[in-house]
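Reader: Hey, I've just opened this one and I'm new to it. Can you walk me through it?

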Amino acid sequence: GLIFYDTKVTVMNRVLNATVQRTADHAAPEITLDPLEIVGGEIRSSENSYFCQAARQLSCVPSSQLCVKLASGGDPTYAFNIRFTGEEVHGTSGSFRHFLWQVCKELQSSSLSLLLLCPSSAVNKNKGKYLLTPSPITYAEEQLFHFFGQLLGIAIRADVPLPLDLLPSFWKTLVGEPLDPDVDLQEADILTYNYVKKFENINDETELEALCAEIASQHLATESPDCPNKPCCKFTYLTMTGEEVELCPRGRHIPVGWENKDVYATAIRSLRMRELQTPECMTAVRAGLGSIIPLQLLTTLTPLEMELRTCGLPYINLEFLKAHTMYQVGLMETDQHIEFFWSALEMFTQEELCKFIKFACNQERIPFTCPCKDGGPDTAHVPPYPMKIAPPDGAAG
């Protein structure tokens, strides 16, 4: 926390450029994607998604081939080139950025089961934020999590911010910071947090009975075996994926009483914390990331800084974009139509601005920093900087 973000990024970028493994005399790996595979609104099956098409084809490419220098200049070097079946694209930049955008859309949809919408979303807290799906994984899923980790590293080297909305607990676990059993539980699953708090704050048995009766009315409890009419809870709870699990051996047969209510509350909290850490999934993600960038770099970054470096800011700063715009061939910032252009953009919502950026350069977010702000030459620019506005190609009029 004592080092400025910009300083960390400078060091990180130097290390990334010093750990390049694919040099200019090596051709970039190329993958072919079929856009028709994903046509039809909701993706027909996960195997046809760009994410899985790419994972399959890149699984036989050594990861060293994906470790390239940081992107710079007009048509930068990327980890791999993309050819779309039946489409002709100039340069490699646009199709690569479009691919990353599409993959993030797939990851945050129901077509792939790697990410799960956080339970708090249901009650409008952290709406639209995702976490790694906490469930035992197959070998095939482990490979997909590994590829997900590689994509995070590839995006960092390409300086293309990924439009991913992940919970802070994901970034904490990624950089190896411990989770906070209160803050992180509340962010991920506020209903469970409130449920646990109710049990922790009970003062006497009457309150416990009333609470069990309230839960019973929501079908979470059953009647006590000793007194048939007295409702009680058992040592079971629902996982984030909706399965009922026992919180201890034979939990289905153990009623919650005054003596063990704290044990019950602690067991639920532990269940959620394990789900947030998802060790098996996270190990695979970190292994993938580590095959593209040195993991030691993560020790200097806070979770928020790691998110900024990978995903940029989720909003577009128009002043920053204006400062990095070039006017070509006789156009000037004071021209009437240029002024109209900027005042129109000022009326856009953030969502519309993201769509404008996507239209202009095939990505939704713009990098948080820009090489030229430290006096770097214009050639150090990575698209979308500088944004170029040119006059029409045709005759005047």
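**Charges and contacts**

Author: Let's start with Arg-272, which counts as buried because its relative accessibility is 4%. Buried means under 20% relative accessible area, exposed over 50%, and partly exposed in between, with a 1.4 Å probe and protein chains only. Before going on: this is a predicted model, where local features need pLDDT of at least 70, side-chain atom pairs count only at pLDDT 80 or more, and totals for chains, interfaces and linings use all residues. Residues are numbered from 1 along each chain as its sequence is written, and side-chain values use heavy atoms, with hydrogens and water left out.

Reader: Ok, so where does Arg-272 lie?

Author: In helix 9, residues 261-277. Helices (H or I, at least four residues) and strands (E, at least two) are DSSP runs, numbered from the N terminus.

Reader: And which side chain does Arg-272 join in a polar contact?

Author: That of Glu-275, at 2.6 Å. A polar contact is a pair of N or O atoms within 3.5 Å; within protein, one must be able to donate a hydrogen and the other to accept it, and residues adjacent in sequence count only if both atoms are side-chain atoms.

Reader: Switching topic: what does the side chain of Arg-365 make a polar contact with?

Author: The side chain of Asp-165, at 3.2 Å. A polar atom of the Arg-365 side chain also lies 3.0 Å from the backbone oxygen of Cys-311. Arg-365 sits in the loop between helix 14 (350-361) and strand 10 (387-389).

Reader: Is Arg-365 buried or exposed?

Author: Arg-365 counts as buried, since its relative accessibility is 7%.

Reader: How many salt bridges does the structure hold?

Author: There are 14. A salt bridge here is a side-chain nitrogen of Lys or Arg within 4 Å of a carboxyl oxygen of Asp or Glu. One of them pairs Glu-305 with Lys-8, at 2.7 Å from N to O. Glu-305 is in helix 11 (residues 303-311) and Lys-8 in helix 1 (residues 5-18), so the pair ties together parts 297 residues apart in sequence.

Reader: Are those two buried or exposed?

Author: Glu-305 is buried, with a relative accessible area of 12%, and Lys-8 is buried at 6%.

Reader: What about Asp-182, which side chain does it meet in a salt bridge?

Author: Arg-269, at 2.9 Å from N to O. Asp-182 lies in the loop between helix 5 and helix 6 (183-188) and Arg-269 in helix 9, so this pair ties together parts 87 residues apart in sequence. Asp-182 is partly exposed, with a relative accessible area of 31%, while Arg-269 counts as buried at 11% relative accessibility.

Reader: Last one: where does Phe-170 lie?

Author: In helix 5, residues 168-175. Phe-170 counts as buried, its relative accessibility being 2%. The C-alpha atoms of Phe-170 and Leu-276 are separated by 7.6 Å, and these residues are 106 residues apart along the chain.
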